[in-house]
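Please open the structure in your viewer and keep the selection panel at hand.

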Amino acid sequence: MPGTAVIGLQWGDEAKGKIVDILTAQQDVVVRYQGGANAGHTVVFNGQRYKLSLIPSGVFHPNVQCVIAGGVVCSPSALLAEIDTLVKLGVNVGKNLLISDRAHIIFPWHKIEDAMFDNIASGEAIGTTMRGIGPCYQDKYGRSLAVRFGDLYKPDFEEKIQTIAGAKNRLFNGLIGETDNSQMLPGIGIDIDAGAVFREYKGYADRLEKYVTDTTAYLLDAVDADKRILFEGAQGSLLDVDHGTFPYVTSSNSSAVGVCSGAGVPPHFIKKYVGIIKAYTTRVGGGPFPTELANDTGQCIRDRGKEYGTVTKRPRRCGWFDAVAARYTVRLGGIDTLAVMLLDVLSTFDELKICTAYTLDGSRVTAFPSHVDDLRRVEAIYETLPGWHEDITEVRQFSDLPLNAQNYLKRISGLIGKPIEMVSVGPGREQTIMLQF
Ligand code: GDP
Ligand code: IMO
Ligand code: MG
């Protein structure tokens, strides 16, 4: 059986969690393979709302194996808190969860570094989630100061912490006064207590040991056994560190190109890429956003869509659907089908706009600019479509949608060049239209 990947095609929060939960019903294994607790994925069923940051959104299906693979950067305290919350809510988290011994570990110094460096390199802050994600990936690629789950159980773990904490203390103290953010830093001028960090993380290691294993070996066996595996992307393709709106991105390959490296499976195993898009666009944090609506229309979308960050509670920036950006990420990821989410949020406008091209230096362009300065300078060219006012949250058949909603979806699909497989008209599992194509 082939692998399937669920990939956000915008700047994150496309409602990937909802689709992963739905698709997991037909899977044997569900895998988170990149990012960390910067992700906030929401699943709603039976009147209950669940928020997940590290555990795959398929965890509500008891017979499905959940895997946190090696490409994830993991805060053990965030993971334990998430496990505890789920267990309190009656969700089984035991043998059905595996954590890669290759996954990198987030330490207190990563959060300090996140605060320290968020806005010193360029004018506008990246506006990270302050979860230490970028600094942990930095240490992963730097190698010398990195700690993986497997290291927690080796005899030199305490020594490793001593060495790394010493290096970080020298780094932080050397940087006092060098960053605008230094006054925000709890660690500045105060040495990180390596012994305390060791004891704290030893406690986490003991609690998490039963979940930790070689998930690459597990997944390769699952591939050989023809198991059905679903790969759950975090963030969105425009936040991809290599192919997104750099430097206003996250620190992992959050587009479809990151699935195989993050999970540790062969590329040819994945036969289907499902791209998730909102019926409009949102972005949290800094960086250019060509279709942003910094006005009453944007506020109306924010209010109707409850567009406030799952992780940081920040108001999400809202704007019209950008077909230039979505066509780029569909092509980048080899996306096969689309799920269009939060269509109900638009059921209030007389007219809707879709960005079909940009103007850059007086010329019309349809290629997504590679440099953030060029993306800042583009102007969106819009096509206007008639809207609808009917409540669509109870609709379950495409043909029951208002004609203008059907035409809006068809136009999006036409502009992107891919069929729509699912349409979401509310947060609940059942508020989903499945299409034949
Ligand atoms: P993710 O990070 O991609 O999983 O998305 P988030 O969970 O951060 O944000 C999506 C939000 O939209 C969540 O609050 C969902 O419960 C909600 N949601 C999902 N689908 C729909 C929908 O079709 N309509 C509405 N109104 N809300 C939805
Ligand atoms: P999910 O999986 C939306 C954004 C942050 C910031 C940038 C870098 O829920 O879609 P980071 O902490 O990763 O270094 O922040 O990326 N960001 C997200 N935006 N959804 C997410 O995850 C995000 N994860 C990171 O707001 O702009
Ligand atoms: Mg989210």
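Predicted model: local features only at pLDDT ≥ 70, side-chain atom pairs only at ≥ 80, totals over all residues.

Residues are numbered from 1 along each chain as its sequence is written, chains are lettered from A and ligands numbered from 1 in the order in which they are written, and side-chain values use heavy atoms, with hydrogens and water left out.

Next, display the polar contacts of ligand 2 (pairs of N or O atoms within 3.5 Å). A polar backbone atom of D13 lies 2.7 Å from an oxygen atom of ligand 2, and a backbone N or O atom of Q235 is 2.8 Å from an oxygen atom of this ligand. From the side chain of R314, an N or O atom is 2.9 Å from an oxygen atom of ligand 2. The protein buries 98% of the 550 Å² that ligand 2 exposes when taken alone, by the Shrake-Rupley method with a 1.4 Å probe.

Now select ligand 1. Of the 20 residues around ligand 1, the nearest are K16, G40, T42, D344 and S424. Which backbone lies 2.8 Å from an oxygen atom of ligand 1? It is that of G40, through an N or O atom. For E14, the distance from a backbone N or O atom to an oxygen atom of ligand 1 is 3.1 Å. Finally, select R316: an N or O atom in its side chain is 3.2 Å from an oxygen atom of ligand 1. Taken alone, ligand 1 exposes 590 Å², of which the protein buries 94%.

Terms used. Polar contact = N/O pair within 3.5 Å; in protein donor to acceptor, adjacent residues only side chain to side chain. Near = heavy atom within 4 Å.
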